[in-house]
Amino acid sequence: RNDNQEDAGRGFAVAQERAWAIVDAAERAARDLSAEQHCVTGAEYDPRLLCFEFVSRLALRGKQVRTVRAMLQALGSEQPLVHQMLMGEGKTTVVTPLVVLFAATAERACVVCCPAAILEFTCEVLRHRLLAALARPVMVFNFSRATEVSEDLY
């Protein structure tokens, strides 16, 4: 083989790789466009969820929206509620920011407790999601069961 044939072979491989990348991007776009919209109920939509999707650049899943709505309903009726979600279902990146976004008011702060191992990640996600949406501050209070309580805390 000569150099021209090798260059042509490399050029074909690059073109084929680019073509597959275009096919993959088109499949992702088609999947995203045809995905069920969970911020829409019948002919009505929740603009807060739609805005969150847009700002966060993600598509909400049905279970996430149902969980957020259940938590907000329990909060509104002052009923305790616990949900268990598996890893990867959006507890930190979707559900927690949405509940905080919808539930926090000028009179009511939301407290998010998390393990020390994911504290930095959780704060980063909350800051990104909440500051982008409504300029809500995220503050960290360090305490433990060993923290001595005094008047200075008030």
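Start by selecting C110: at 30% relative accessibility, this cysteine counts as partly exposed. Here buried means under 20% relative accessible area, exposed means over 50%, and partly exposed lies in between, with a 1.4 Å probe and protein chains only. This is a predicted model, in which local features need pLDDT of at least 70 and side-chain atom pairs count only at pLDDT 80 or more, while totals for chains, interfaces and linings use all residues. Residues are numbered from 1 along each chain as its sequence is written, and side-chain values use heavy atoms, with hydrogens and water left out.

**The cysteines**

Do not look for a disulfide (a pair of cysteine sulfur atoms within 2.5 Å): the structure holds zero of them.

**The whole chain**

Zoom out and colour by secondary structure. The protein chain has five helices and two strands. Read from the N terminus, the order is α-β-β-α-α-α-α. Helices (H or I, at least four residues) and strands (E, at least two) are DSSP runs, numbered from the N terminus.

Of the 154 residues, 23% count as buried. Contacts are worth a look too, meaning heavy atoms within 4.5 Å. Among contacts in the protein chain with a separation of 6 or more, 58% join residues 24 or more positions apart.

**From α1 to β1**

Select E36, in the loop between α1 (3-34) and β1 (40-41). E36 is exposed, with a relative accessible area of 60%. Draw a distance to A59. The two C-alpha atoms are 8.9 Å apart, although E36 and A59 are 23 residues apart along the chain.

**D46 and the start of α2**

Move on to D46, in the loop between β2 (44-45) and α2. D46 is buried, at 15% relative accessible area. D46 caps the N-terminal end of α2: one of its side-chain oxygens lies 3.0 Å from the backbone nitrogen of R48. Polar contacts like this one are pairs of N or O atoms within 3.5 Å; within protein, one must be able to donate a hydrogen and the other to accept it, and residues adjacent in sequence count only if both atoms are side-chain atoms. Beyond its neighbours within four places in sequence, D46 is in contact with C39 and R69.

**Along α2**

Show side chains for L49, F52, E53 and S56, which are buried in α2. Look down the helix axis: the buried residues of α2 fall within an arc of 100°, so they line one face of the helix. That arc is taken over the directions from the helix axis to the C-beta atoms.

**Two positive phi angles**

Go to R57, in the loop between α2 (47-56) and α3 (62-76). R57 is not a glycine, yet its phi is positive, about 60°. Most residues other than glycine have a negative phi. R57 is exposed, with a relative accessible area of 78%.

Then jump to E78, in the loop between α3 and α4 (91-103). E78 is another non-glycine with a positive phi, of about 55°. Is E78 buried or exposed? E78 is exposed, at 72% relative accessible area.

**K91 in α4**

Select K91, placed in helix α4. K91 is partly exposed, at 33%. The side chain of K91 reaches the backbone oxygen of L86 at 2.9 Å. Setting aside neighbours within four places in sequence, K91 is in contact with M85, L86, T96 and P97. Then draw a distance to T122: K91 and T122 are 31 residues apart in sequence, and 9.9 Å apart from C-alpha to C-alpha.

**Last stop: the core**

Hide the surface. Select L49, F52, L60, V68, L98, F102 and L130. These residues have the most contacts inside the largest nonpolar core, which has 17 residues. Such a core is a set of buried Ala, Val, Leu, Ile, Met, Phe, Trp, Tyr and Cys residues joined through side-chain atoms within 4.5 Å. Which helices each supply at least two residues of this core? They are α2, α3, α4 and α5 (119-134). The largest share, seven residues, comes from α4. In soluble globular proteins, nonpolar side chains tend to be buried together.
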